[in-house]
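Colleague: Could you show me how to read aromatic rings and pockets in a protein model? I am new to this, so please go step by step.

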Amino acid sequence: MSAWKPKKYLGQHFLKDLDISKQIVEAIKLPLQDPSSIVLEIGPGKGALTHFLVQKQFANLYLVEIDSELVSYLLKTYPILSNHIIEADFIKLDLTKRWVGPISVVGNFPYNISSQIFFKLLQHRDQVKEIVCMVQKEVAERIIAQPGSKAYGIPSVFLQAFYNINYLFTVGPDLFMPPPKVNSAVIRLERNELQQLPCNENLFSKLVKLGFQQRRKKLKNALSAMILPAHLVDLPQLNQRAEELSISDFIALTQEIGAHIA
Ligand code: SAH
């Protein structure tokens with residue numbers, strides 16, 4: 001790897017700190033010795049986390065890395081994983097075709113595509129039981145944000161609806177090579193008990209997205225493109241802004257609107 005240089009466009013910032021790597025791997029609570037469980041590392045890079053994952057001897061550890069140079073390096077360094085290193089764009093990978101068991105996802109995510117990764121994981125929420133990841137601190141703050149705060153938005157609502165989320169710790173830029181411009185944070189998400197939203201999920205998504213696209217407007221105005229029945233404009237939730245509504249408020253609103261539009 002002598003001529004090798006980190007690729008900015010792939011979000012390559014390699015963690016140098018062994019203690020932090022170890023703590024991230026230790027934060028994986030599942031699988032509890034379940035032989036059908038899969039541990040899936042997104043963006044292993046040069047193996048900062050992989051090194052400790054291998055020591056854990058998980059029954060089914062897989063790595064998904066997009067950079068072929070890093071894939072060759074990983075194959076050489078971890079021959080034991082030779083059939084488990086997948087050279088692919090995680091966003092395009094068909095998870096259900098490859099794996100049937102429950103999945104614990106781990107990774108220092110490429111920051112440029114972290115939202116896309118979360119939305120993909122949400123689509124597979126019945127399989128993805130746990131996520132331990134490093135993201136930009138600001139993204140972590142948005143994910144855990146509560147109603148009424150500026151950071152509260154679309155990722156907070158969707159992820160908190162299906163996952164219990166903990167902010168584990170902050171990591172400064174100097175622990176990476178090359179250092180990113182921002183602080184990072186490690187968070188852990190564990191799938192909650194909710195199987196389905198008790199409302200029409202498409203309508204729920206639409207309301208949340210439209211509401212936050214114009215987050216400073218009252219919902220009845222932010223949703224004006226939807227042409228709601230006139231008598232609904234008095235609904236309390238419609239007279240608030242999206243950023244003031246809890247997930248249950250959004251669910252109640254979806255139920256009300258869903259009952260009145262075809
Ligand atoms: N886990 C390593 C590397 C983190 S940097 C460490 O902590 O040091 C992010 C890694 O994600 C890089 O290795 C990058 O090549 C990889 N990556 C970027 N986009 C990807 C994608 N779409 N699919 C899979 N891996 C990706």
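Modeller: Happy to; we will take the rings, then the charges over rings, then the pockets. Please keep in mind that this is a predicted model.

Colleague: How is a pair of aromatic rings described?

Modeller: A pair of aromatic rings is described by how far apart the centres are and by the angle of the planes. In this structure there are 7 aromatic pairs. Take Y62 and W99: their ring centres are 5.2 Å apart and their planes stand at 65°, so this pair is edge-to-face. The reason is that an angle over 60 degrees counts as edge-to-face.

Colleague: Where do Y62 and W99 lie in the chain?

Modeller: Y62 belongs to strand β3 (residues 61-65), while W99 sits in the loop between α4 (95-98) and β5 (103-108), so the pair ties together parts that are 37 residues apart in sequence.

Colleague: Are Y62 and W99 buried or exposed?

Modeller: Both Y62 and W99 are buried.

Colleague: Which residues form an aromatic cluster?

Modeller: One aromatic cluster is made up of F119, Y152, F158, F204, F212 and F250.

Colleague: Which charged residues lie over the face of a ring?

Modeller: K46 lies over the face of F14, at 5.0 Å from the ring centre. R125 lies over the face of F162, and here the distance to the ring centre is 3.8 Å.

Colleague: Now the pockets, please. What shows where empty space is left?

Modeller: Empty space shows up when a probe the size of a water molecule is rolled over the atoms. Here the largest pocket has a volume of about 550 Å³. Its lining has 35 residues, and L10, G11, G43, E65 and P110 lie nearest the centre. The elements that give two or more residues to this lining are β1 (14-15), β2 (38-42), β3, α5 (114-123) and β8 (176-177).

Colleague: How many residues of that lining are nonpolar, polar and charged?

Modeller: The lining of the largest pocket divides into 21 nonpolar, 9 polar and 5 charged residues.

Colleague: And what is the volume of the second largest pocket?

Modeller: The second largest pocket has a volume of about 230 Å³. It is lined by 13 residues, with K8, H13, P179, P180 and K181 the closest to its centre. By class, this lining has 6 nonpolar, 5 polar and 2 charged residues.

Definitions and conventions:
Residues numbered from 1 in each chain as written. Predicted model: local features only at pLDDT ≥ 70, side-chain atom pairs only at ≥ 80, totals over all residues. Heavy atoms only, no water. Phe/Tyr/Trp six-rings, centres within 6.5 Å; stacked < 30°, edge-to-face > 60°. Helix = DSSP H or I, 4+ residues; strand = E, 2+ residues; numbered from the N terminus. Buried < 20%, exposed > 50% of the residue type's maximum accessible area, 1.4 Å probe, protein only. Lys NZ or Arg CZ within 6 Å of the ring centre and 35° of its normal. 1 Å grid on protein atoms, 1.4 Å probe; cavity = no way out; pocket = protein on both sides within 12 Å on 5 of 7 lines; lining within 4 Å. Points joined across faces, edges and corners; volume = space filled by probe spheres on them. Nonpolar A, V, L, I, M, F, W, Y, C, P; charged D, E, K, R; others polar.
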